[in-house]
Amino acid sequence: MIPVELLETYNAKLKTYTKDATIFEELDTPIFYYQINSGSVKMINLSEDGKEFAQGIFYDGNAFGEPPLFGDFKYPATALCVQDSSIYILPKDTFFDLLKAHPDIHLNFTKLLCKRMIYKAKIMKEVSIHPPEHRIMTLLEHLKNNFGNEMYDYEVELTRQDISNLTGLRVETVIRSIKKLEKNNKLSIRDRKVYL
């Protein structure tokens, strides 16, 4: 998102986290900008009975948790490391100084936030009215359109559990639905990995 050289110019700290480490919790006050150098992070909410709902999963180069910085509200979700990760951290005030000095990067954040809003609107619609296969395909097509290359098959890097958490479906339903989608030639499974 922000070039590493620029982050380092603004004295961003590179912090390491182990798998399952909590970076911040739901309702914490945001005080840092976070950008993944390596690893992956998921933003989750937990229901009262402990069921996890993933708001999103972020990978190398992705920023996460920045809407509360812009909106000046508390985090709506908890950020957890999916794997060992190294993450650049920049204080909120310094982040805004960087954006003021680099309007092109600020514009990129505006575009990114708009894409996330569209994704949330699509997922809300999918979760509320569509059958499981449709929900899963909407999620996978969104990932392919944003992270894939039209020239090649897109390898879905999410586990069945991740897909379950992102769509609000049970893991068993995800497994059955993916098999049904494969049978209907909507996706393929090779070496237990899903491809679009």
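Which residues does Asn165 touch, not counting residues up to four places away in sequence? Asn165 touches Glu52, Phe53 and Ala54, where contact means heavy atoms within 4.5 Å.

This is a predicted model, in which local features need pLDDT of at least 70 and side-chain atom pairs count only at pLDDT 80 or more, while totals for chains, interfaces and linings use all residues. Residues are numbered from 1 along each chain as its sequence is written, and side-chain values use heavy atoms, with hydrogens and water left out.

Asn165 lies in helix α6 (residues 160-167); helices (H or I, at least four residues) and strands (E, at least two) are DSSP runs, numbered from the N terminus. With a relative accessibility of 5%, Asn165 counts as buried, a word that means under 20% relative accessible area, whereas exposed means over 50% and partly exposed lies in between (1.4 Å probe, protein chains only). The side chains of Asn165 and Glu52 are joined by a polar contact of 2.8 Å. Such a contact is a pair of N or O atoms within 3.5 Å; within protein, one must be able to donate a hydrogen and the other to accept it, and residues adjacent in sequence count only if both atoms are side-chain atoms.

Strand β5 covers residues 52-58, and because five of its seven residues are buried, β5 is largely enclosed by the rest of the structure. Strand β4 (residues 41-46) pairs with β5 in the antiparallel sense over six bridges, and two strands count as paired if DSSP finds at least two bridges between them. Asn45 has Phe53 in β5 as its bridge partner. Between β4 and β5, which form a hairpin, there are five residues, and Gly50 in the turn has a positive phi of about 90°.

Four strands make an open sheet in the order β1-β8-β3-β6, with antiparallel pairing. The edges are taken by β1 (13-17) and β6 (63-64), each with a single partner strand, so one side of each has no neighbour in the sheet. Strand β3 (residues 32-38) pairs with β6 over two bridges in the antiparallel sense, and Gln35 has Ala63 in β6 as its bridge partner. Helix α3 (residues 92-101) packs on this sheet and touches β3 and β8 (85-91), its direction making about 80° with that of β8; axes are lines fitted to C-alpha atoms, for helices over the stretch in contact, and angles run from 0 to 180 degrees between N-to-C directions.

| α3 | Lys92, Phe95, Leu98, Leu99 | 120° |

The arc is that of the directions from the helix axis to the C-beta atoms. In α3 the buried residues fall within 120°, so they line one face of the helix, while Asp93 and Lys100 are exposed on the other side of α3.

**Asp72 and Lys92**

Asp72 has its place in the loop between α2 (67-71) and β7 (78-81), and at 61% relative accessibility Asp72 counts as exposed. The side chain of Asp72 makes a polar contact of 3.2 Å with the side chain of Lys92.
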